[in-house]
Amino acid sequence: MYAQLVFNTLVSGLLLALVAVGFNLIFNTTKVFHLAHGALYVTGAYALLQFEALFSDFGFLPLVGSLVVVAIIALVIEKLVYQPLANRKAGQAITLISSIGVYLFLINLIALLYGNETKYIDPALGSSLLFAGLTIAPVQLLQLVTASCLIVGILILSKTQWFLKVRAMISEETVASVLGVNTKAIRLWMMILGSMLAGIAAILQLYDTGMDPQRGMAITLSAAVAVIIGGQGSISGTILASLLIAFLQTTTEWFISAQWKEGLTFLLLIAVILWRTEGIVSFKMRVEEK
């Protein structure tokens, strides 16, 4: 039983890590507490549903089309909402309220067009496998492999020369801009990349337990907790925290009740912040940067 618990935690944690890393990239580059991330998460799943209804015989076209839709909406949000607010040097309270407004608009639009009931796509991957005492659904294998590959890809990207510009912007946007870093382009690319990661996580969840319009907020709040616990700007810390949160939520569902998992997640946040205000993983900084 405990091996199954660990396996389920690993799969859930990697899916949460996709959403959390996306939130991390957006939050640390735009400085917006991007609650609309939950709407883009849901949009990815519903866009796939729509494209599957229209182009189900065209191979990967529905998947590509759904990610393009997510990227376009992320671009529109950055260009029409977040960037203008940044130009006016709006405070974080204003950007947070704006993000909530975007979230509510998109979620209500999706509910109006597709209804509030749970939607589901059967990927027709066959029956479950038995391996070393584990019951593994084929969709779990798909989630495990896809999420692992994407996270490894993001970790490799974070070690590249180009990502140094992103780190420079996260550290001090004004100085990075003076030194020639195109901060507006980086904001835009991180919005698109982070949103597409959330969209992919939603599509993988759609194949498993389905999707409804309200499901984005809970996972976005868990992702935000992972980013805070993981440490400012730390992608590896965010991944580690996502796995920790998934373990907490899975064990809560198994042994107590699913209703307690969000509450215990925030209790974990409070406990970690009281222990280490900088999160689990922190970077060494020069004295003048502290």
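At 25% relative accessibility, Arg 215 counts as partly exposed, a label for anything between buried (under 20% relative accessible area) and exposed (over 50%), judged with a 1.4 Å probe and protein chains only. Its partner is Asp 212: the two side chains meet in a salt bridge, at 3.4 Å from N to O. Asp 212 itself is buried, with a relative accessible area of 15%.

A quick word on the ground rules. This is a predicted model, so local features need pLDDT of at least 70 and side-chain atom pairs count only at pLDDT 80 or more, while totals for chains, interfaces and linings use all residues. Residues are numbered from 1 along each chain as its sequence is written, and side-chain values use heavy atoms, with hydrogens and water left out.

Back to the charged pairs. Side chains of opposite charge can pair when their charged atoms come close. Here a salt bridge means a side-chain nitrogen of Lys or Arg within 4 Å of a carboxyl oxygen of Asp or Glu, and by this rule the count comes to 3. One of them joins the side chains of Glu 78 and Arg 187, at 2.8 Å from N to O. Glu 78 sits in helix α3 (residues 61-87) and Arg 187 in helix α8, so this pair ties together parts that are 109 residues apart in sequence. Helices here are DSSP runs (H or I, at least four residues), numbered from the N terminus.

Helix α6 (residues 161-171) has its own set of buried residues, namely Phe 163, Val 166, Met 169 and Ile 170. Looking down the axis of α6, these fall within an arc of 105 degrees, so they line one face of the helix; the arc is taken from the directions from the helix axis to the C-beta atoms. And what covers them? The cover includes α1 (2-30), α5 (138-157), α7 (173-178), α8 (183-208) and α10 (235-255), with contact meaning heavy atoms within 4.5 Å.

Key. Helix = DSSP H or I, 4+ residues; strand = E, 2+ residues; numbered from the N terminus.
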